[in-house]
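I opened the notebook today to look at how the strands pair up and where the nonpolar side chains gather. Here is what I looked up, in the order I went.

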Amino acid sequence: MDDAGWIDRFIRHLEFERRLSPLTCKNYRRDLEALAAYLAQQNVAAWADVDGEHIRAFSAACFRKGLSARSIQRRLSAARTFYRYLARENKVRRNPVTSVSAPKAKKRLPGNLDADRMAHLLDIPGDGAIVDRDRAMLELLYSSGLRLAELVNLDLDDVDARDATVRVTGKGNKERVIPVGRHALAALRQWRSTRGELADAGEKALFVSTRGGRISPRSVQARVKHWAKRQGIDANVYPHLFRHSFATHVLESSHDLRGVQELLGHANIATT
């Protein structure tokens, strides 16, 4: 498209004005570039020339390519927000996305492990710095219901052993303080005693890789898979499953949906 540069301007707006995360901005860019590529194939040269029929045809093309309803919803949401920005900048007079309905996504409950299987998974055998680190990561994921990004971004001073709490920064840079269970605290104490065998001097990250720096999300995913297989767990185990299991078990014991919402850091209770 002749004015495809508006995507760059919009992404800068998201980065510097709305302060969205790099990952969110990357997703916006990918979705909008997919729309721009489709419009170029249809010989649409300017954003102002797009109408509702173009957007509906784009949605249908995405469906034919096998995209899920949720992915199409995300693409249309990105386009809708983009057009609001273009209207603010007086680039367009109308938002062609507002008249287009996204396909309904199938609702499904997230998976979780029951308490017995979770206890077996967390009963990691062995010793040494790597085992201590992995045991502490898995215990903390379950004990406090952390997101993967929240776990890997933890620094040493984010855990207060005296108060038995952990301070995390969640989505939207919102900070919350969450209780830490006694098993997780014990695992963290053991990990701190051997952390120096892996961590670079001066490294502030709580969890580090064998290279000495902050551990990556992909490495955590790999270690979770490793221990699930090692412990004989017959389920697809991934970091977010610990969060689902934490929420399910707390809700089963407390029946306090609002309390679980606060622990998980959900802005909307419908998500919980």
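**Entry 1, the sheet.** I began with β1 and β2 (residues 165–169), which run antiparallel and are joined by two bridges. This is a predicted model, so I read it as such. I looked for the partner of V159 and found V166, in β2. Next I followed β2 to β3, an antiparallel pair with five bridges. There, T169 has E175 of β3 as its bridge partner. Between β2 and β3 lie five residues that complete a hairpin, and G172 in the turn has a positive phi of about 70°.

Put together, the three strands make an open antiparallel sheet in the order β1-β2-β3.

Which residues are on the covered face of β3? I found R176 and I178 there, while E175, V177 and P179 are on the uncovered face.

I then turned to the largest nonpolar core, which has 42 residues. Its members touching the most others are L121, L140, L151, F207, V237 and F242. Several elements supply at least two residues each, including β2, α5 (115–122) and α10 (239–254). The largest share, seven residues, is from α6.

Finally, I noted a second, separate core of 31 residues, with I11, A36, V50 and I72 among them.

Terms used:
Residues are numbered from 1 along each chain as its sequence is written. This is a predicted model: local features need pLDDT of at least 70, side-chain atom pairs count only at pLDDT 80 or more; totals for chains, interfaces and linings use all residues. Side-chain values use heavy atoms; hydrogens and water are left out. Two strands pair if DSSP finds at least two bridges between them. Helices (H or I, at least four residues) and strands (E, at least two) are DSSP runs, numbered from the N terminus. Buried means under 20% relative accessible area, exposed over 50%, partly exposed in between (1.4 Å probe, protein chains only). A nonpolar core is a set of buried Ala, Val, Leu, Ile, Met, Phe, Trp, Tyr and Cys residues joined through side-chain atoms within 4.5 Å.
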